[in-house]
Amino acid sequence: MSTDDIEADLTRNTENAPSELLARLFFFVCAVLSVVTTASIIVLLVSEAAKFFSVTAPLVGFAGETVSVVEFLTGTTWQVNSGEFGVLALVSATLLITVGAAIVSVPLGVATAIYLSEYASRRARRILKPALEILAGIPTVVYGFFALLYITPVIQLVFPDTGTFNLASASIVVGIMIIPMVASISEDAMSAVPEELRQAGYGMGATKFDVSTGVVVPAALSGIFSSFILALSRAIGETMAVTVAAGSQAAFLQPWNPASYLEGALPMTAAMIQLLLSDITGGGLGYRSLFAVGLTLFALTLSMNIVSDLIAQRYREEY
Amino acid sequence: MDQSTDESPDPIDESVIETNVADAATSDTARGPADTIVEARNVDVFYDDVQALDDISMSIPEQRVTAMVGPSGCGKSTFLRCINRMNDRIDAARVEGELRLREKNVYDDDVDPVALRRRVGMVFQTPNPFPKSIYDNVAYGLEIQGIDGDYDQLVEESLRRAALWDEVSDQLHESGLDLSGGQQQRLCIARAIAPDPEIVLMDEPASALDPVATSKIEDLITDLAEEYTVIIVTHNMQQAARISDKTAVFLTGGELVEFGDTEQVFQNPGSDRVEDYITGKFG
């Protein structure tokens, strides 16, 4: 090859060829699109919510009816018609359901993950994993019916005073709904624990239980915690099942009192559905409260995701 | 990791690394004949249809270091894992023949592999401490086996016997993973001996370590044979010659071609194949 050929060959500049540039542009646009969509939703949420509070309304040049932030965040009565917007009534219901769902899903999800990762034969795993995924694919409104028609009657057998709509039933069904998420993320974390660690345990004369609970679970702790947080964020944001099962009467229930679970209440998501379906006038206070509740919900799930990242970093094991 | 070399009881010097075959082999005469602790009788191992070990029979002496050498894939690690039934964890593995630990065939139906492994500790090729503190690593075996006693003292004793105490005594509650590779492997040895097993199996324990760390592990193995039976797999001929009393040579196909006193195996091998292998003509 002559010197000229080498010159031409080595300076083709394939990196900046039109096809390469086009591909780069396409991927960039896709990436930007998803970020922009998310960002604009947040902007909309914040700017609309700003019109709801008396502190921020002047800032966005809004002159209509407003509610004070303190009243919104500390009030315990949610009565849209009489102008009472105490979000704690909704938050308490959401938190009760989330805690109840955690009580159901965390032990069952982790136990399922331990079974799948440590005990199940290859054949059992082949059957069970898809079954779990099907559980995750059931439409959430179906879970709502299930709670109302099957779980509530069972609860009423034990506690006859329980209302048709109650938080226990909503908690249990949301818990069942998020078991697959806890189980599958936890199982991934446990499967990622190196075989050498299990061998070390078995080589010491550890039983399967010793190895599962004393070696694998601690080593997978960061992933297991992440699964809790992600699943509970889902529980907080869950809408259809709780709208059907928890009721439509907003009530502030004491989160520390177990008896609260036997009563109905209105979680944040269900309250938003109720606002959307009611005859609230566009632009009215009720309409704008929708965005305030939405923003509160977003703040709650966002902070859980941040906590999840922090925990995952704190407990990350390098093996 | 070697800041403490000067504190250790046996500073590393050339003489340790070059300990010759004759020295290692004299221990048998010095300590008298040893009883047999593990006896293999016609052991065959198959992975599905592939035969990994072919009719192995040998008697491993108590409180001695027995080395298994041979080229990759010769079945030496497989044999090691038969002794504590770690092969049970591989679905495809099938063991035939008898493998007796003090007269009891460990492959009898009534043998509990968990109980067996409490008598037969194991150290693996790659150091594999648990992601726990140094203390908890050593105490792990004591806890799962429900051993009573002063754990602080037992942990210290085990770390001393593993020649690691001086290096870690002020960081017992820090993660075992923060140690260097050689220290991690000594931690694994401390963990294995803490519940006081009868036999310590070692599967190429120094293959992932540098020469200095390797030399420390070798010294340690020689010391361990005072109390324990050590069975070690190695691909390093010189290592086998330096530290073992007995040497078993496996060759490709899972055959045991020679087993005897280390001195004899290395100086006067019984077959040309073994001589070719140990002198480095192949493998």
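In chain B, 71% of the contacts with a separation of 6 or more are between residues 24 or more positions apart. Contact here means C-beta atoms, placed from the backbone, within 7 Å.

A word on the source. This is a predicted model: local features need pLDDT of at least 70, side-chain atom pairs count only at pLDDT 80 or more, and totals for chains, interfaces and linings use all residues. Residues are numbered from 1 along each chain as its sequence is written, while chains are lettered from A and ligands numbered from 1 in the order in which they are written.

Chain B has twelve helices and ten strands. These are DSSP runs, numbered from the N terminus: helices are H or I, at least four residues, and strands are E, at least two.

Now the sheet. Six strands of chain B form an open sheet, in the order E6-E7-E8-E3-E9-E10, with mixed pairing. Pairing takes at least two DSSP bridges between two strands.

Look at E3 (65-69) and E9 (246-251) of chain B. They pair in the parallel sense, over four bridges. B:Ala67 has B:Thr247 in E9(B) as its bridge partner. Helix H8 (181-193) of chain B packs on the sheet, touching E6 and E7 (199-203) of chain B.

Next, the contact between chains. How many residues does each chain give? Chain B gives 18 residues and chain A gives 18 residues. On the side of chain B, helix H4 (113-119), E6 and helix H5 (134-144) each give two or more residues.

Methods: Two residues are in contact if their C-beta atoms, placed from the backbone, lie within 7 Å. Axes are lines fitted to C-alpha atoms, for helices over the stretch in contact, and angles run from 0 to 180 degrees between N-to-C directions.
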